[in-house]
Amino acid sequence: MHVNPLISGFHPDPSVCVVDGTYYLATSTFEYLPGIPIFRSDDLRTVELIGHVATRPGQLGVPGVPTGGGAWAPTIRHHDGKFWLVVPDMMGTGRGNVLFTAEDPAGPWSDGVVMEIPGIDPDIAWAEDGTCYVTASFLRLSEDGEMVHEGIKQIKLDPETGKALEPESRQLWSGTGGMFPEAPHLYHIGDWWYLMIAEGGTERGHSVTIARSASPEGPFEGSPYNPLVTARGTDRPVQNSGHGDLVQLADGSWAMVLLGTRPRSSTRAFAPMGRETFITAVTWDEDGWPHAEPVLLDSRHDAVAKHWTPAEGFDGEFIAVRQFPADVADLAARPGAARLTGPGAGMESAKPAFVGVRQCAEAFETTVELDVSAGVGGLSIRYDELAHLDVEATPTTVTASMHVYGLTQSWSYERANPGPLVSLRISAIPPEVTGLDMAASCDRLVASVLDGEWVEVGAADGRFLSSEVCESFTGRVVGAYARDGVVDLLGLDYTGQDIQR
């Protein structure tokens, strides 16, 4: 029995490999750093974050990418005694399709080799004779600047240099007609080469489909049972199911890790935490075709509670926008504090002075203790620079502001107990929906200040920070920021509990 979600919160586009009975997973990070987390698991029921691929400047071009750019869907594999990871570093200053290697998946990873492969979502596989194949979803710009999708293509590659070994790529199989055929993975299982892809878009039409061939170069025949996975047209609590990767388990059975969302409201319209990692069982029929179980949701996740102090340093949970947490917060300037220096702008900045963690449960609460004696800053829950809820403090006042794509609503509160130290909190409170409640949202976001007791400063409808409204590939990230001057982060606490379905 698998448990879901396997990795909660903003962890999309999972890929998995197994080495000596231990499973290693990688997910996307887009404009956040450190980039591309690596998880380890002994049973694919619980996972442990062990490191990141991009931990140094230059490995990814993330500092200059636009929102939605950066590290897209990775593929992680183990071959010839090494770990290999290919990933598209997209848009703006992105490097293109990059190949990283490591002896230890916890790191360090190499600086990366740029591959002569266009498009997105590269996969890497080796034939028995050592030939290395990279398969990707090919894209190109037309003469008038329009993006043209050329489907799933493949080319032989020198993995040491990133050079293509063929003058032209070959067309493989681009699915059953759904839009955006992407996320290809090539597997040699038994007598067949299987090509599994995603199609239908990463929203409600998302699906996984599969084909096979006697050769890694095709031609490929689609399964008569496609789609292998989809939630479209269903009332399942896990939607957007797609972008999967197959793995054989220690007992000989098979599973698929894949992305999905947990939308809320009566019409399951809004997913607050974005795309997460799920897992489902796969069986094989006598004709050699795989069949996947529906992606179900369970409630095994225990309550989450963590207290962090700057003395611990920034562990792998902390991320920053287009820069590393250590570039944003100085842990040496003041003992017992992480010092944030405001750039003269808050969370509307493309590079805010912000360090945060992912929202990891549906009922979620984050509290920070700040010293604002020499600056202005606060606590924010972010989808991007145009969509965020902030609660910002000075020694005398606290202001909560909800920003949604050019619309802003603010609430101000004069502190009864003014002073340089302030505790701020943002809570995500899911609604109790009974029957058909068309006004219900995914949750209520509440910004509060501790002023003798906790005082609500402002509240907003959480649907405005959902993947559907923000049209985002990421998810909610919550943490401390500085707008002006110096703000010292003295501690951060978060708690979370998934709701019962």
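## Close-up views of a predicted model

View 1. Leaving out residues up to four places away in sequence, Arg322 touches Glu31, Tyr32, Leu33, Val62, Pro63, Val65, Pro66, Thr67, Ala350, Lys351, Arg382 and Glu385. Arg322 itself is found in the loop between β26 (320–321) and α1 (325–328), and with a relative accessible area of 4% this arginine is buried.

**View 2. The open sheet of strands β21, β22, β23 and β24.** The four strands follow one another in the order β21-β22-β23-β24, and their pairing is antiparallel. The edges of this sheet are formed by β21 (239–248) and β24 (290–292), each of which pairs on one side only. From one strand to the next, the twist averages 35 degrees. Strand β21 is joined by six bridges to strand β22 (residues 254–261), the two running antiparallel, and here Gly242 stands opposite Leu259 of β22. On the next step across the sheet, seven bridges pair β22 with strand β23 (residues 276–284), again in the antiparallel sense, and Ala281 in β23 is the bridge partner of Ala255.

**View 3. The hairpin of β23 and β24.** Strands β23 and β24 run antiparallel and are joined by three bridges, with Val282 standing opposite Ala292 in β24. Five residues lie between the two strands of this hairpin, in which Gly288 takes a positive phi near 85 degrees.

**View 4. Thr261 in strand β22.** Thr261 counts as buried, at 0% relative accessibility. When residues up to four places away in sequence are not counted, Thr261 touches Arg204, Pro237, Val238, Gln239, Asn240, Ala271, Gly274, Arg275 and Phe278.

**View 5. Arg236 in the loop between β20 (229–230) and β21.** Is Arg236 buried or partly exposed? With a relative accessible area of 22%, Arg236 is partly exposed. Its side chain reaches the backbone oxygen of Thr230 at 2.8 Å, and, with neighbours within four places in sequence left aside, Arg236 is in contact with Thr230, Ala231, Arg268, Pro294 and Val295. Arg236 and His206 lie 30 residues apart in sequence, and their C-alpha atoms are 14 Å apart in space.

**View 6. The aromatic pair of Trp308 and Phe318.** A search of the whole structure finds 13 aromatic pairs. In the pair shown here, the ring centres of Trp308 and Phe318 are 4.7 Å apart and the planes stand at 50 degrees, so the pair is tilted. The pair links distant parts of the chain, 10 residues apart, with Trp308 in strand β25 (residues 304–308) and Phe318 in the loop between β25 and β26. Trp308 counts as buried at 1% relative accessibility, and Phe318 is buried too, with a relative accessible area of 2%. Elsewhere, one aromatic cluster is formed by Tyr194, Trp254, Trp284 and Trp289.

**View 7. Cysteines in a structure that holds zero disulfides.** A disulfide requires sulfur atoms within 2.5 Å. The sulfur of Cys470 also has its closest cysteine sulfur in Cys442, at 9.8 Å, and this separation is likewise too far for a bond. Cys360 is buried, with a relative accessible area of 18%, and Cys470 is buried as well, with a relative accessible area of 7%.

Notes
Residues numbered from 1 in each chain as written. Predicted model: local features only at pLDDT ≥ 70, side-chain atom pairs only at ≥ 80, totals over all residues. Heavy atoms only, no water. Pairing = 2+ DSSP bridges. Axes fitted to C-alpha atoms, helices over the stretch in contact; angles between N-to-C directions. Buried < 20%, exposed > 50% of the residue type's maximum accessible area, 1.4 Å probe, protein only. Contact = heavy atoms within 4.5 Å. Phe/Tyr/Trp six-rings, centres within 6.5 Å; stacked < 30°, edge-to-face > 60°. Polar contact = N/O pair within 3.5 Å; in protein donor to acceptor, adjacent residues only side chain to side chain.
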